[in-house]
Amino acid sequence: LVAGCFLGCGHTPETSAPATVAAEWTAYGEPFERGSLTPVSEVPALLATTGEAAGQFEVEIVETCTKMGCWMSVNGPAGEPVMVYMKDHAFFVPKSGMAGKKAIISGYAYNDTVSVELQKHLLEDANRSQDEIDAITEEKYELAFSASGVQIEGDLEGAAGDHDDHDHDGHSH
């Protein structure tokens, strides 16, 4: 559904510098003013009823990409990790220290088929063991988000740090 999401990850986007929204939140990506927040627990029902779920979603971060900050996983509706991809790799979130923080995602949710190759790549990004990576043998169908903007709880100015060059070429997510 999100074609080209992993193409060109090695470039430095113009919007990679965080902006402080208020003393307690830091913004990344396209700026947005908070409106009505949809809890992540309501997303599956929205997708089942209307076929789409767009807006602002309140989530808790599980982890972020340790290579670039180009994705994060968040607690899903049943406590399972759900992927959040930064739209068009136009911005990055901090690569570490985000676990347990609250975040607001501005974007949309969708159901996605995740290839074996992409699952393995994401585990490599998260510095997982080779045994865990090798155990992936089947594609999976899961909930995911595309974020055009993210606000993370805390004054994180400078937390994004340096982002290593990281290549997602060949990944069609």
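Me: Which strand does Ser148 lie in?

Reply: Ser148 is in strand S8. Helices (H or I, at least four residues) and strands (E, at least two) are DSSP runs, numbered from the N terminus. This is a predicted model: local features need pLDDT of at least 70, side-chain atom pairs count only at pLDDT 80 or more, and totals for chains, interfaces and linings use all residues. Residues are numbered from 1 along each chain as its sequence is written, and side-chain values use heavy atoms, with hydrogens and water left out.

Me: Ser148, buried or exposed?

Reply: Ser148 counts as buried because its relative accessibility is 16%. Buried means under 20% relative accessible area, exposed over 50%, partly exposed in between (1.4 Å probe, protein chains only).

Me: What does Ser148 touch?

Reply: Not counting residues up to four places away in sequence, Ser148 touches Gly29, Glu30, Lys87, Phe91, Ser106 and Gly107. Contact means heavy atoms within 4.5 Å.

Me: Switching to Leu37. Where does Leu37 lie?

Reply: In strand S3, residues 37-39. Leu37 is partly exposed, because its relative accessible area is 31%. Leaving out residues up to four places away in sequence, Leu37 touches Gln56, Glu58 and Ile104.

Me: How many residues apart are Leu37 and Gln56 in sequence?

Reply: 19 residues apart in sequence, and 5.2 Å apart in space, C-alpha to C-alpha.

Me: Zoom out. How many helices and strands does the protein chain have?

Reply: Three helices and eight strands. The pattern along the sequence is β-β-β-α-β-β-β-β-α-α-β. Of the contacts with a separation of 6 or more, 77% join residues 24 or more positions apart. Buried residues make up 45% of the 173 residues.

Me: Which residues touch the most other members of the largest nonpolar core?

Reply: Met72, Phe145 and Ile152, in a core of 25 residues. A nonpolar core is a set of buried Ala, Val, Leu, Ile, Met, Phe, Trp, Tyr and Cys residues joined through side-chain atoms within 4.5 Å. Helix H1 (43-50), S4, S5, S6, strand S7 (102-114) and S8 each give two or more residues to this core. S8 gives the most, with five.

Me: And what is Phe145 in contact with?

Reply: Leaving aside neighbours within four places in sequence, the contacts of Phe145 include Val40, Phe57, Met83, Tyr85, Ile105 and Tyr110. There is also a second, separate core of 13 residues, with Cys65, Met68, Met83 and Tyr85 among them.

Me: Pockets next. How much space lies in the largest pocket?

Reply: About 320 Å³. On a 1 Å grid over the protein atoms alone, a pocket is an open set of points where a 1.4 Å probe fits, with protein on both sides within 12 Å along at least five of seven lines; lining residues have an atom within 4 Å of a point. The volume is the space filled by probe spheres set on the points, which are joined across faces, edges and corners. Of the 17 lining residues, Met83, Leu122, Leu123, Arg128 and Lys140 are the closest to the pocket's centre.

Me: Which elements each supply at least two residues of that lining?

Reply: Strands S4 (53-64), S5 (71-75), S6 (81-86) and S8 (140-153), plus helix H2 (116-125).

Me: Last one. Which residues of H2 are buried?

Reply: Leu118, Gln119, His121, Leu122, Leu123 and Asp125. Their cover includes S5, S6, S7, helix H3 (130-134) and S8.
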